[in-house]
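Please keep the sequence and the structure in view while reading.

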Amino acid sequence: MCGNFNGIRWDDKALPSGERAQSDAEFGNAWKSERSLARCLDDSGSPRPCHDPLEFEVLCGTLTSQSGPFAECHWHVDPAPFYSSCLYDMCHYGTANGMLCMAIASYEELCSLQGIRVGTWQPAAQCREHQ
């Protein structure tokens, strides 16, 4: 996600100066602009406590549910990193900005690349199909 897709890993995560960022936080912070939302704060690397972790665990749990729409895909693509990323995003940004839908859709896309058709998950997550 932070690369330039030229196949050369060492030039990914380039800062505006052209140097390579030492961390994801440094990379993200460097690309913040005057047009960024006022509440777009620098990432300090330590997440704030989550206000309602149980609600977000349930919402992101669609990814890891053994009887959910992605159960068949678990054999091919590990849902754990997607679940962790989903929780992080939900805790930091909430549900109003479409992060939940994007997190789940990204896992669905990898499942699809493995030839696995997943069940319907959009209505339960309050997402539109094919966002």
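## Ala21 and its surroundings

Not counting residues up to four places away in sequence, Ala21 touches Lys13, Leu15, Glu26 and Phe27. Ala21 itself belongs to the segment before H1. Is Ala21 buried or exposed? Its relative accessibility is 2%, so Ala21 counts as buried, the cut-off being under 20%.

## The model as a whole

The structure is a predicted model. Its mean pLDDT is 81, and 82% of the residues reach 70 or more. Which elements mark the two ends of the confidence range? Helix H1 (residues 24-30) has the lowest mean pLDDT among the elements, at 76, while H4 has the highest, at 92. Where pLDDT is low, the predicted coordinates should not be read in detail.

The protein has four helices and zero strands. Read from the N terminus on, the order of elements is α-α-α-α. Of the 131 residues in the protein, 27% are buried. Among contacts with a separation of 6 or more, 46% are between residues 24 or more positions apart.

## Helices H2 and H3

Two packed helices are described by the angle between their axes and the distance between the axes. For helix H2 (residues 53-60) and H3, the axes come within 9 Å and cross at roughly 140°. Angles over 145 degrees count as roughly antiparallel, and H2 and H3 are therefore oblique to each other. Their crossing is right-handed.

On the H2 side, the contact is made by Phe56, Glu57 and Cys60. On the H3 side, Tyr83, Cys86, Leu87, Met90 and Cys91 take part. Sorted by class, the contact of H2 with H3 has seven nonpolar residues, no polar residues and one charged residue.

## Helices H3 and H4

Helix H3 (residues 80-93) also meets H4. The axes of H3 and H4 come within 9 Å and cross at roughly 165°. H3 and H4 are therefore roughly antiparallel to each other. H3 passes H4 in a right-handed crossing.

From H3, the residues in this contact are Phe82, Cys86, Asp89, Met90 and Tyr93. They meet Met99, Leu100, Ala103, Ser106, Tyr107 and Leu110 of H4. The classes in the contact of H3 with H4 are nine nonpolar, one polar and one charged.

Asp89 can be looked at separately. This residue lies in helix H3, and at 17% relative accessibility it counts as buried. Leaving out residues up to four places away in sequence, Asp89 touches Gly94 and Met99.

## The segment after H4

Gln122 is located in the segment after helix H4 (99-113). With a relative accessible area of 6%, Gln122 is buried. Apart from its neighbours within four places in sequence, Gln122 is in contact with Glu108, Cys127, Arg128 and Glu129.

Cys127 is found in the segment after H4 as well. Its relative accessibility is 9%, so Cys127 counts as buried. What does Cys127 contact, leaving aside its neighbours within four places in sequence? The residues in contact with Cys127 are Cys101, Trp121 and Gln122. Cys127 and Gly98 are 29 residues apart in sequence, and their C-alpha atoms are 7.9 Å apart in space.

Gln126 has its place in the segment after H4 too. Is Gln126 buried or exposed? Gln126 is exposed, with a relative accessible area of 76%. Its backbone also deserves a note. Most residues other than glycine have a negative phi. Gln126 is not a glycine, yet it has a positive phi of about 55°.

Conventions:
Residues are numbered from 1 along each chain as its sequence is written. This is a predicted model: local features need pLDDT of at least 70, side-chain atom pairs count only at pLDDT 80 or more; totals for chains, interfaces and linings use all residues. Side-chain values use heavy atoms; hydrogens and water are left out. Buried means under 20% relative accessible area, exposed over 50%, partly exposed in between (1.4 Å probe, protein chains only). Contact means heavy atoms within 4.5 Å. Axes are lines fitted to C-alpha atoms, for helices over the stretch in contact, and angles run from 0 to 180 degrees between N-to-C directions. Angles under 35 degrees count as roughly parallel, over 145 as roughly antiparallel, 65 to 115 as roughly perpendicular and the rest as oblique. A crossing is left-handed if the near helix is turned anticlockwise from the far one by less than a right angle, and right-handed if clockwise. Ala, Val, Leu, Ile, Met, Phe, Trp, Tyr, Cys and Pro count as nonpolar, Asp, Glu, Lys and Arg as charged, and the others, Gly among them, as polar. pLDDT is the predictor's confidence in each residue, from 0 to 100.
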